[in-house]
Amino acid sequence: MSFSQTTESTIKKVCVIGPECTGKTDLSTFLASHFKTTCVEEYARAYLEKLGKPYTQADLTKIAHGQLRMEDEWLRESNKIMICDTNLIVVKVWSEHKYGSCDQEILDKMAGRKYDLYLLTNIDLPWEDDPQREHPEKREHFWKIYQDEVAKTNVPFIEISGQGDSRRKKAVEAINAQFFQ
């Protein structure tokens with residue numbers, strides 16, 4: 001068994017996922033610190049900041065590649081679990097929403113990428129404006145889509161609701177219950 005196969009089988013991957021402005025980055029960063037492990041940031045944010053123009057469907061495929069590269073790079077630095085501040089489900093949802101379809105390459109990569117737990121962040125946090133956020137009026141719509149997408153994976157998932165420490169506590173408890181008890 002190669003090093004990457006050993007690492008892949010021993011590190012549990014937790015993906016924090018949900019609609020825009022639901023505290024994913026804050027929660028991911030907190031969890032990585034709490035569990036003394038790595039946090040794979042959202043590649044799309046840096047990519048879009050650097051792009052300097054509206055993104056296209058082809059950009060979403062590049063974003064998918066970048067996200068997976070970051071996961072692969074951080075995996076061997078992880079301590080028992082790796083926290084991912086998104087995954088390709090998000091790219092799929094945005095591609096289908098904005099362009100009506102998703103590149104087959106993204107769907108194939110999604111099918112080959114496994115996670116051990118999803119933390120699905122609820123829309124119960126107040127909306128905060130950000131130049132990269134697009135649809136404050138469609139939070140409920142996207143919430144339902146993410147619920148459906150995560151359920152289709154057949155991976156355990158926990159809905160994370162509440163504010164501040166309450167939200168963080170629920171996430172820590174979900175990870176502990178899944179992996180450390």
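**Sheet, salt bridges and a buried Asp**

A: Strands (E, at least two residues) and helices (H or I, at least four) are DSSP runs, numbered from the N terminus, and two strands pair if DSSP finds at least two bridges between them. This is a predicted model, where local features need pLDDT of at least 70 and side-chain atom pairs count only at pLDDT 80 or more, while totals for chains, interfaces and linings use all residues. Residues are numbered from 1 along each chain as its sequence is written, and side-chain values use heavy atoms, leaving out hydrogens and water.

Q: Okay, and which residue in E4 is the bridge partner of Val-16?
A: That's Leu-119.

Q: What's the order of strands in the sheet?
A: E2-E3-E1-E4-E5, in an open sheet of five strands with parallel pairing. Strand E2 (38-40) and strand E5 (157-160) are the edge strands, each pairing on one side only. From one strand to the next, the twist averages 20 degrees.

Q: Which strands does helix H4 touch?
A: Helix H4 (residues 57-75) packs on the sheet and touches E1, E2 and E3. Its direction makes about 170 degrees with that of E2. Contact here means heavy atoms within 4.5 Å, and axes are lines fitted to C-alpha atoms, for helices over the stretch in contact, with angles from 0 to 180 degrees between N-to-C directions.

Q: New topic: how many salt bridges does the structure hold?
A: Nine. A salt bridge is a side-chain nitrogen of Lys or Arg within 4 Å of a carboxyl oxygen of Asp or Glu. Lys-13, Glu-71, Asp-72 and Arg-113 are linked in a network of them.

Q: What about Lys-92 and Glu-96?
A: Their side chains meet in a salt bridge at 3.2 Å, N to O. They are separated by about one helical turn because they sit four residues apart in helix H5. Lys-92 has 9% relative accessibility, so it counts as buried, whereas Glu-96 is partly exposed at 35%. Buried means under 20% relative accessible area, exposed over 50%, and partly exposed in between (1.4 Å probe, protein chains only).

Q: And which residue does Asp-124 form a salt bridge with?
A: Arg-167, with the closest N and O atoms 2.3 Å apart. That pair links distant parts of the chain, 43 residues apart: Asp-124 is in the loop between E4 and helix H7 (139-152), and Arg-167 is in helix H8 (residues 164-179). Arg-167 is buried at 4% relative accessible area, while Asp-124 is partly exposed at 30%.

Q: Is Asp-85 buried or exposed?
A: Asp-85 is buried, yet it has no salt bridge. The nearest side chain of opposite charge, Lys-24, is 6.0 Å away. For charges, Lys and Arg count as positive and Asp and Glu as negative; His and the chain ends are not counted.

Q: So what does its side chain join up with?
A: A polar contact of 2.7 Å joins the side chains of Asp-85 and Thr-25. A polar contact is a pair of N or O atoms within 3.5 Å; within protein, one must be able to donate a hydrogen and the other to accept it, and residues adjacent in sequence count only if both atoms are side-chain atoms. Leaving aside neighbours within four places in sequence, Asp-85 is in contact with residues including Val-16, Ser-28 and Cys-39.
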